[in-house]
Amino acid sequence: MLGLTAIGSMVVALDTLVVAAALTTIRQDLGASIEQLEWTVNAYALTFAVLMLSAAALGDRWGRRRTFAGGLALFTFASIACALAPSVPWLIGARALQGVGAAVVMPLSMSLLGAAFPPERRGWAIGVFSSLTGLAVLGGPMIGGAVTEGLAWQWIFWINVPIGVLAVPLVLRRIPESRGAVRRLDPVGAVLATLAVLGVVWGVVRGEPSGWTSVEVVGSLVAGALLLVAFLAWESRSDQPMVPLTFFRNHTFSAGNAAGFLLSAALLGAVFFLNQYLQVELGSGPLKAGLQLLPWTATLFVVAPIAGRLVDRYGERPLVVVGLLLQGAGMLWIALAIHADTRYAALVVPLMVAGCGVSMALPATQSAGVGSVPRESVGTASGVYAMLRQLGGVAGVAVAAAVFAGAGGYASFGAGITRAMVVCGVLSLAGALTGLGITARRKVEVRV
């Protein structure tokens with residue numbers, strides 16, 4: 001159970017940032033602008049985010065194993081479409097379809113895992129699961145760099161195909177079927193949420209090229225905000241809402257999800273630019289740039305599983321707060337270290353600090369977001385948590401890119417990435433503050 005759900009989670013998490021290593025190559029090969037590069041990343045994350053809750057509800061209704069396998073199959077097909085993309089618009093569209101498959105896989109892998117393990121062992125299982133998932137996210141640039149440099153950028157998508165072909169029949173054979181409480185689907189809520197997020201993100205992405213006071217940008221932001229209000233109003237009146245707003249009366253659930261949102265915003269915003277910085281400013285190739293991020297990613301091997309056990313013993317709050325403080329400190333340190341004569345050695349220690357921070361906070365935010373609700377609600381809660389984390393990534397890339405573009409973009413890369421990393425550091429510190437809202441719990445003895 002743990003192995004197969006982790007494999008599904010890893011392939012969809014890998015594609016969150018595997019493209020980061022290839023962004024410079026895609027920009028040169030297909031003539032993509034910074035805005036198009038943003039959408040190459042955000043098209044995947046956006047459909048991934050807004051369809052998760054509907055996918056979780058379908059899994060509870062149709063069977064989590066069956067739906068999980070279908071999501072893996074769709075993700076595999078979309079990966080083929082990405083690999084065959086002859087232009088940026090095609091690639092963006094195929095990435096959006098990939099996100100649909102990922103929206104099915106991720107919440108159902110968490111639901112299957114949460115339903116299989118009792119509460120006293122759930123923190124350990126989530127720690128292992130999160131470490132593998134987080135490793136796929138942060139290892140994406142290294143794997144993408146190796147494939148891009150050794151073969152071609154299209155192969156970062158081809159590598160998903162044999163994994164999917166092998167995993168689907170194993171899932172159908174080895175994972176027992178499970179279902180949750182059957183809930184009526186909420187298509188109105190799904191449409192309102194999708195349009196609200198699209199409106200806000202479109203406004204942020206288009207702010208610099210179109211002007212922040214332009215009709216397009218102001219109209220998009222206002223429309224997104226109004227649609228968000230309409231979504232909340234609809235959900236509060238629905239007898240079976242897509243997002244049960246009553247969950248947010250639980251302080252631990254609310255704070256854990258807010259911290260997860262801000263953690264992902266800072267993390268994905270930083271990875272989006274750091275890999276490009278290593279290639280554009282320091283002259284590294286895609287593979288070397290991926291390897292240079294290892295001080296960041298390697299901490300997940302050691303820290304995240306330990307953090308999962310510490311969550312069981314001491315609760316989520318200390319891990320979330322300390323972890324996000326460390327991530328924020330590392331990112332602000334990187335911002336201070338970047339200047340005209342920066343050498344890679346100056347980035348190693350702050351990368352390790354940031355890596356230790358995210359490795360501590362990731363399993364703790366997930367445990368707070370999913371483990372604070374009754375067991376029968378784990379499927380819905382995992383969908384909400386995963387959705388907000390993906391939306392955090394979309395927001396982080398959009399905001400960091402807007403700041404980067406405002407500083408001169410690729411014409412002034414050093415100044416732009418410095419400001420972008422400051423934004424990511426501030427987002428991390430804000431996440432640490434929200435983590436204080438998680439309810440402390442007493443120590444419990446953990447069975448090893």
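This is a predicted model: local features need pLDDT of at least 70, side-chain atom pairs count only at pLDDT 80 or more; totals for chains, interfaces and linings use all residues.
The crossing of helix H10 with helix H11 is left-handed, a term used when the near helix is turned anticlockwise from the far one by less than a right angle, with right-handed used if the turn is clockwise. Helices here are DSSP runs of H or I with at least four residues, numbered from the N terminus. Residues are numbered from 1 along each chain as its sequence is written, and side-chain values use heavy atoms, with hydrogens and water left out.

Staying with this pair, H10 (residues 187-210) and H11 (residues 215-237) pack at an angle of about 160°, their axes being 7 Å apart. The axes are lines fitted to C-alpha atoms over the stretch in contact, and the angles run from 0 to 180 degrees between N-to-C directions. H10 and H11 are therefore roughly antiparallel to each other, where angles over 145 degrees count as roughly antiparallel, under 35 as roughly parallel, 65 to 115 as roughly perpendicular and the rest as oblique. By class, the contact of H10 with H11 has 16 nonpolar, seven polar and three charged residues; Ala, Val, Leu, Ile, Met, Phe, Trp, Tyr, Cys and Pro count as nonpolar, Asp, Glu, Lys and Arg as charged, and the others, Gly among them, as polar.

H10 also meets helix H3 (residues 34-50), the two axes coming within 11 Å and crossing at roughly 165°. H3 and H10 are therefore roughly antiparallel, and their crossing is right-handed. Contact, meaning heavy atoms within 4.5 Å, involves residues of H3 including Glu-35, Trp-39 and Leu-46, and residues of H10 including Val-197, Trp-202 and Arg-206. The residues of this contact of H3 with H10 divide into 10 nonpolar, two polar and three charged.

The axes of H1 (residues 2-17) and H9 (residues 160-174) come within 10 Å and cross at roughly 150°, which makes H1 roughly antiparallel to H9. H1 passes H9 in a left-handed crossing. On the H1 side the contact is made by Leu-4, Ile-7, Val-11 and Asp-15, and among the residues on the H9 side are Ile-163, Leu-170 and Arg-174. Seven nonpolar, one polar and two charged residues make up the contact of H1 with H9.

Now for some single residues. Is Thr-24, with a relative accessible area of 8%, buried or exposed? Thr-24 is buried, the term for under 20% relative accessible area, with exposed meaning over 50% and partly exposed in between, for a 1.4 Å probe and protein chains only. Thr-24 lies in helix H2 (residues 23-30) and, leaving aside its neighbours within four places in sequence, is in contact with Gln-276, Gln-279 and Val-280. Trp-124, in helix H7 (residues 119-150), counts as partly exposed at 21% relative accessibility. Trp-124 and Ala-304 are 180 residues apart in sequence, yet 9.9 Å apart in space, C-alpha to C-alpha.

Finally, the cysteines. How many disulfides does the count come to? The count is zero, taking a disulfide as a pair of cysteine sulfur atoms within 2.5 Å. The sulfur of Cys-356 is 18 Å from the closest cysteine sulfur, in Cys-424, too far for a bond. Cys-356 is partly exposed at 26% relative accessibility, whereas Cys-424 is buried at 1%.

Key:
Helices (H or I, at least four residues) and strands (E, at least two) are DSSP runs, numbered from the N terminus.
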